[in-house]
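Here's a quick tour to read alongside the picture. Take a look, then work through the notes below.

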Amino acid sequence: MCLGVPGFVVEVDGNMALVDFFGAYRHVRLELVDQPVAPGDYILNHVGYAIRRIPEEDIEGTLEMYRQLLREADDDLMAGDVRAELKATGERRDV
Amino acid sequence: MSDQAGRELKFRDRGQGAGLSAALAAAVAAVGRAPVSVMHVCGSHEQAIARFGLRAGFPRDLHVIMGPGCPVCITDQPEVDEAVALARQGVRIATYGDMVRVPGTSASLADAQAEGARVDVVYSIDQAIATARESAEPMVFFATGFETTAVATAAAVLAGTPPNFFVLSAHKYIPPVMEIVCEMPGSRIEGFIAAGHAATITGWGIFEAFVARHHVPVVIAGFEPLDILAALVRLVEMIRDRRAAVENMFPRCVTREGNLVAQRQLWQVFAPAGGRWRGIAHVPNGNLRLLDRWAHLDARRHFAIDLARLWDEAPSPLSQQCVCGDIMSGLKTPADCPLFGAECVPDTPVGACMVSTEGTCRIWREYGEQTCLSRV
């Protein structure tokens, strides 16, 4: 539960963002993030909430570990935890 | 003490990895005594150490021990008992996945579920709130985890919950337990690796008072193999130099003050309170209790939780041999437990550390971890 998962912000509507997590579009809440979040930003999601806007210079380094993890099978503990983080986000609703 | 301590580290740079390993060996040797024992307090760190086989490459005299870093594992039996009792009383319970199989004194939520109780596994508190909104029946969210999940509970509470939604808080707060582990008789811990994402919330400044009191260095680390290696090098160098300070090796996520927006919400909903961490100790200020203003959604105040039945059920004899508490305190490893890998396996766990994907025993079992492969 500590790892979180980074994603790309597609849309922001009030306290809710539509976020692209490696191709999966999910809703994430923004009440806890301490910087303004706009489309084009990357955020770190934890149990359905963005807890950090990822600084631009750190985005690529942050994403690489997850890309590798998400290629792993479900029974890998770290990959399983990352997938659980994705399930914590809201299903995409039709706008 | 600086945010500049951490350089950007590429994920799989073999040259850098070899260089860090050599630096770690040199630093451990330069300490001039053995073993050097350090502790990290994060299941994700242990996953990374085990999954990438880092421990096999650690110097023989460096012991890297996982402490109370599994939020599921440190949830105490009486806290699970409350959730089980509520479930058996007919109250619908929602909680994070691994909590369902964690044993209380004599039963888990999975046991209650098998008897017909309604237990929902959720990935976020919002999913529990959404379910509560669909009907008028009471729904209790068994809220577990460290500051990273506690802030989500706080935000959800502040955003408004339906009248039939209640919180049974077993949230824990990491910084106080580090003090307890340091002061334990028999503790050999000379330095700590602090969890990167918990520190994203609290900031690294929170560890300064701890360092001043205990004269033990703390390094904040990220989750990639090279992040962990680099943090260990810095930590052992500080031990070598008898320098106690906080170093932030995860500046891309952690600042000195942390996430003030999240902290503000946390303390608008919770107050620190003393409480037991499973098998470890009573930890002053280690638990998060709902403030009085949220009494109306506090499950402990709203429901008469009937724990009497649990007194009729004896804990299993096997569970009395479980050494999870000593493992989480850094006094033992899974290899010291007679149940590990025999009676206690992921499918039929005896202790909480074998249940959770962030538990030391589960991680060691899944990745075939040894105390120190260089000794095999």
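**Chain B at a glance**

Strand β3 (residues 92-96) of chain B pairs with β4(B) in the parallel sense over four bridges; strands count as a pair if DSSP finds at least two bridges between them. This is a predicted model, where local features need pLDDT of at least 70, side-chain atom pairs count only at pLDDT 80 or more, and totals for chains, interfaces and linings use all residues. Residues are numbered from 1 along each chain as its sequence is written, while chains are lettered from A and ligands numbered from 1 in the order in which they are written.

**The sheet**
- In β4(B), B:V121 is the bridge partner of B:T95.
- Four strands of chain B make an open, parallel sheet in the order β4-β3-β5-β6.
- β4 (119-122) and β6 (165-171) of chain B sit at the edges with a single partner strand each, so one side of each has no neighbour in the sheet.

- Helix α4 (residues 77-88) of chain B lies across β3, β4, β5 (139-145) and β6 of chain B, running at about 145 degrees to β3(B) (axes are lines fitted to C-alpha atoms, for helices over the stretch in contact, with angles from 0 to 180 degrees between N-to-C directions; contact means C-beta atoms, placed from the backbone, within 7 Å).

**The whole chain**
- Chain B has 16 helices and eleven strands (DSSP runs, numbered from the N terminus: H or I of at least four residues for helices, E of at least two for strands).
- The C-alpha atoms of chain B fill a box of roughly 65 × 45 × 35 Å along the principal axes.

Conventions: Two residues are in contact if their C-beta atoms, placed from the backbone, lie within 7 Å.
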